[in-house]
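Good morning, colleagues. Please take a moment with the sequence and the structure before I describe the strands, the loops and the chain as a whole.

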Amino acid sequence: MQQLRPRVHPIWEHTPDGLVGRLFTRPTPVKLAHLAASPYVSCSYWDPQHEVAVAECRAEFEDDEETRKYLWDLFAAAPEPLGFDPKILGGEDHRDPKITVLRLTPWRLSTGGEAWRAA
């Protein structure tokens, strides 16, 4: 039997504060310690034509009820492959403490040999 090994990804949105990515993740002790020591992550995207995009981001937990519900509904309503049933991460609903929201604020984006850096 194949184990369920979900790959998580953010949903990116343009907000009044700029580009923001959010995703559900498990708040494991290792992840909590890592982000407390260095609140940065890198997201990379690859396609079959070997095009690569990278987002270098500041990461912070955004664990309020409104954000959790909004993101839960957003992932559930989005078409695949962007959307998915958030229950695959192990939470019963958006309030489940086994999952949390991670907010990503990019400071550098690169693709196709081009790069953008936040001021």
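This is a predicted model: local features need pLDDT of at least 70, side-chain atom pairs count only at pLDDT 80 or more; totals for chains, interfaces and linings use all residues.

**Strands, loops and overall form**

I begin with strand β2, residues 18-25, which is mostly covered, since six of its eight residues are buried. Buried here means under 20% relative accessible area, exposed means over 50%, and partly exposed lies in between, with a 1.4 Å probe and protein chains only.

Residues are numbered from 1 along each chain as its sequence is written, and side-chain values use heavy atoms, with hydrogens and water left out.

Which strands pair with β2? One is β1, residues 11-15, which runs antiparallel to β2 over five bridges; two strands are said to pair if DSSP finds at least two bridges between them. A hairpin through two residues joins β1 to β2, and H14 has L19 of β2 as its bridge partner. The other is β5, residues 100-111, again antiparallel to β2 and again over five bridges. Here L23 stands opposite L102 in β5.

From β5 we can move on to β4. These two strands pair in the antiparallel sense over nine bridges, and C57 has P106 of β5 as its bridge partner. C57 in β4 also stands opposite V41.

Is H50 buried or exposed? With a relative accessible area of 58%, H50 is exposed.

Let me turn to the loop between α2 and β5. Helix α2 covers 65-77, and G90 lies in the loop that separates this helix from β5. The relative accessibility of G90 is 32%, so this residue counts as partly exposed. What does G90 touch, beyond its neighbours within four places in sequence? It is in contact with R26, D96 and K98, where contact means heavy atoms within 4.5 Å. As for D63, it is 27 residues from G90 in sequence, and the C-alpha atoms of the two are 16 Å apart.

D85 is found in that loop between α2 and β5 as well. With a relative accessible area of 45%, D85 is partly exposed. D85 and F75 are ten residues apart along the chain, and their C-alpha atoms are separated by 6.9 Å.

Now to the chain as a whole. It has two helices and six strands, in the order β-β-α-β-β-α-β-β from the N terminus. The radius of gyration is 15 Å, close to the 14 Å that the globule rule gives for 119 residues, so the chain is as compact as a globular protein of that length. That radius is taken over C-alpha atoms, and the rule is 2.2 Å times the number of residues to the power 0.38. Along the principal axes, the C-alpha trace spans about 40 × 35 × 30 Å.

Of the 119 residues, 32% count as buried. Among contacts with a separation of 6 or more, 64% come from residues 24 or more positions apart. The accessible surface amounts to about 8,100 Å², and carbon and sulfur atoms hold 56% of it; these areas come from the Shrake-Rupley method with a 1.4 Å probe, and for residues only the protein chains shown count as cover.

I close with the charges. The mean positions of the 14 positive and 18 negative charges are 6 Å apart. Lys and Arg count as positive and Asp and Glu as negative, while His and the chain ends are not counted. Each charge is placed at NZ of Lys, CZ of Arg, CG of Asp or CD of Glu.

Notes: Helices (H or I, at least four residues) and strands (E, at least two) are DSSP runs, numbered from the N terminus.
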